[in-house]
Amino acid sequence: YERRFPTCPLIPMFVASDTVNEYKSEDDAIHVIERRCKLDIDAPRLLKKIAGVDYVYFVQKNSLNRRERTLHIEAYNETFSNRVIINEHCCYTVHPDNEDWTCFEQSASLDIKSFFGFESTVEKIAMKQYTSNIKKGKEIIEYYLKQLEEEGITFVPRWTPPVACKLESSTSHTRRPVSPAISIPDSATKEGLNSKEILTTSGSPSEPTAGTPDDKLDADYIKRYLGDLTPMQESCLIRLRQWLQETHKGKIPKDEHILRFLRARDFNIDKAREILCQSLTWRKQHQVDYILDTWNPPQVLQDYYAGGWHHHDKDGRPLYVLRLGQMDTKGLVRALGEEALLRYVLSINEEGLRRCEENTKVFGRPISSWTCLVDLEGLNMRHLWRPGVKALLRIIEVVEANYPETLGRLLILRAPRVFPVLWTLVSPFIDDNTRKKFLIYAGNDYQGPGGLLDYIDKEIIPDFLGGECMCEVPEGGLVPKSLYRTAEELENEDIKLWTETIYQSASVFKGAPHEVLIQIVDASSVITWDFDVCKGDIVFNIFHSKRAPQPPKKDSLGAHSITSPGGNNVQLIDKVWQLGRDYSMVESPLICKEGESVQGSHVTRWPGFYILQWKFHSMPACATTNLPRVDDVLASLQVSSHKCKVMYYTEVIGSEDFRGSMTSLESSHSGFSQLSAATTSSSQSHSSSMISR
């Protein structure tokens, strides 16, 4: 095996290797060598140019233990390690039934977080290279065996301990430590430890390494805060937590919360990681972690939202009471808008998480979910008002995605005849596991056997359900029409809630695109972007100009700088400029649909001024309409279908940083590339964008 280095003629992509670290024990039984390998990956030239590298580097660690007759080989990528994680492990051992046989095991993993929109291409290249290497494995071994035979070497004697060490180490042969060479500390040779001392100290349970707490959870901690976990479930939790610590910037959720996502996906670690990443990005984008401290519900909600926390159930779960039948959903939506209502429900869920933590401490056992009691007395066709149902469905969708396994039980009481209609509309949006937790009672059935008393102590049953406990939940009632707000006012409020983030917001009108100016001093810099199409369809363009556009003018009509409900609207390209003369298009237009999240990067060819443009996307049937710009803006203010909204974030990376580790591209503000399992990619000469649907 050692003859493969520093390079191997049978592996053309293996260009060179350098030894970066080496250790040999005094008795020559253990030999650990670490190399940095240079590979010329067979990848499209365009991909290499976008990535900014010609070669990729891997670190390979070989641990040979002649005493145990094992060779462990570990390899991982150094290049793009913040975007792609590749791990490979090979092991040569002696067959337990025939010591003249050699066993070979190999495993590898590939995790592509993001790669300029070329994730699927990179995956195919990696699989192709890995498959070809496996097929060549036997050929390479036979090649070097034949080479040894030609040199007259047909037998390699087994290692035997030096005479001075035989008596000292004889007792160590009574047991076989597992791969001790892998955990040899670098300081071993400096401190003068012999191999026996190294093996003893590295495996001692009384001297745990720094990583031990992360490798195994304390049994008391599990019982106290997490509940019963199988070894497999515990392993999944540790692996997912470690992955978050290594890759996720910002606040890492508590074990209890990570466990909720694992349970929601039956401990499938890949699926759990996907939805957890989506949720963490969503939380950061909308500042959900601070909602309880920074957001005060409007007075209308405090007066007319018929819901609130009410003690706990028999299992110690926090109990939330919702008198949905007494709540004027239409009035609340008309007075507050969908976004404010959603924000309030999010604050309720955040309060639920906090109460679960408190009850865990109070009852001395893990409590990770709450019980919800929904009273439908008074439910009628008014509650089936279409915008109200739409708001309800959206709230369910957001809660299902970001608060999995938080609902321990849902008690639906006094369901009227109209309830099956509402249930038919709502149930498809509810996860199967969540639906199993629903208990539905018609009329006064909740008062009989198997009813409310099975789940809630008699002393805390609310008075409006025939109990003795005064419930401080608001009674709801009709929201006065004087509190209703116009569609424009609600839109203003909705956008305000949406834009309490580090992302910029902008409105795009028919005839009035939104444009952002970026000045580039050094060629080969990288412009990166993340944007979310909140409303309408847009066309995204990138232009280059050698001269700076004039500052936006604020005229009486506000055509160049519009203050709108969706944010600002800035136009930089002057009407007298001609495409091809005053400025040029550096990328093909990218059409983005409503609801899509788009990320991408562009390697600049020239210094100068680059303009990112979000333009209203007209349907082909409307292509013949060519109104003057000001007229279009005036018309768009009257026709809501002629307005789009985007939220965006841009960042410029210097060429020296981009062609180095590229860690700056993993912006702590940006996480859209992890938002979707189903993605499509669009790439051109020097840019790549990924659209998440």
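User: Why is Y344 called buried?

Analyst: In this predicted model, Y344 has a relative accessible area of 13%. Buried means under 20%, and Y344 therefore counts as buried.

User: How do you know that W295 is buried rather than exposed?

Analyst: The relative accessibility of W295 is 14%. Because the limit for buried is under 20%, W295 falls in the buried class.

User: What makes the rings of W295 and Y344 a pair, and why is the pair called tilted?

Analyst: A search of the whole structure finds 16 aromatic pairs. For W295 and Y344, the ring centres are 6.4 Å apart, and the criterion for pairing is centres within 6.5 Å. The planes stand at 55°; planes under 30 degrees apart count as stacked and over 60 as edge-to-face, so this pair is tilted. The pair also links distant parts of the chain: W295 lies in the loop between α10 (291–294) and α11 (299–304), and Y344 in helix α13 (residues 338–363), 49 residues apart.

User: Why is the pair of W529 and F540 called tilted?

Analyst: The ring planes of W529 and F540 make an angle of 55°, with the centres 5.2 Å apart. Since edge-to-face requires planes over 60 degrees apart and stacked requires under 30, the pair is tilted. W529 belongs to strand β14 (residues 526–535) and F540 to strand β15 (residues 538–545), 11 residues apart. Both W529 and F540 are buried.

User: What makes R323 a charge over the ring of F464?

Analyst: The charged end of R323 sits over the ring of F464 at 3.9 Å from its centre, where the distance limit is within 6 Å. The charged end of R273 likewise sits over the ring of W243, 4.9 Å from its centre.

User: How do you know that β5 and β6 are paired strands?

Analyst: Strand β5 (residues 84–94) is joined to β6 by 11 bridges, and pairing requires at least two; the two strands therefore count as paired. They run antiparallel, and V94 stands opposite T102 in β6. Helix α2 (residues 119–150) packs on the sheet, touching β5 and β6, and its direction makes about 170° with that of β6.

User: What makes β1 and β6 the edges of the open sheet?

Analyst: The open sheet has 6 strands in the order β1-β2-β3-β4-β5-β6, with antiparallel pairing. Each of β1 (14–24) and β6 (102–112) has a single partner strand, so one side of each is left without a neighbour in the sheet. From one strand to the next, the twist averages 15°.

Technical notes. Residues numbered from 1 in each chain as written. Predicted model: local features only at pLDDT ≥ 70, side-chain atom pairs only at ≥ 80, totals over all residues. Heavy atoms only, no water. Helix = DSSP H or I, 4+ residues; strand = E, 2+ residues; numbered from the N terminus. Axes fitted to C-alpha atoms, helices over the stretch in contact; angles between N-to-C directions. Contact = heavy atoms within 4.5 Å. Phe/Tyr/Trp six-rings, centres within 6.5 Å; stacked < 30°, edge-to-face > 60°. Buried < 20%, exposed > 50% of the residue type's maximum accessible area, 1.4 Å probe, protein only. Lys NZ or Arg CZ within 6 Å of the ring centre and 35° of its normal.
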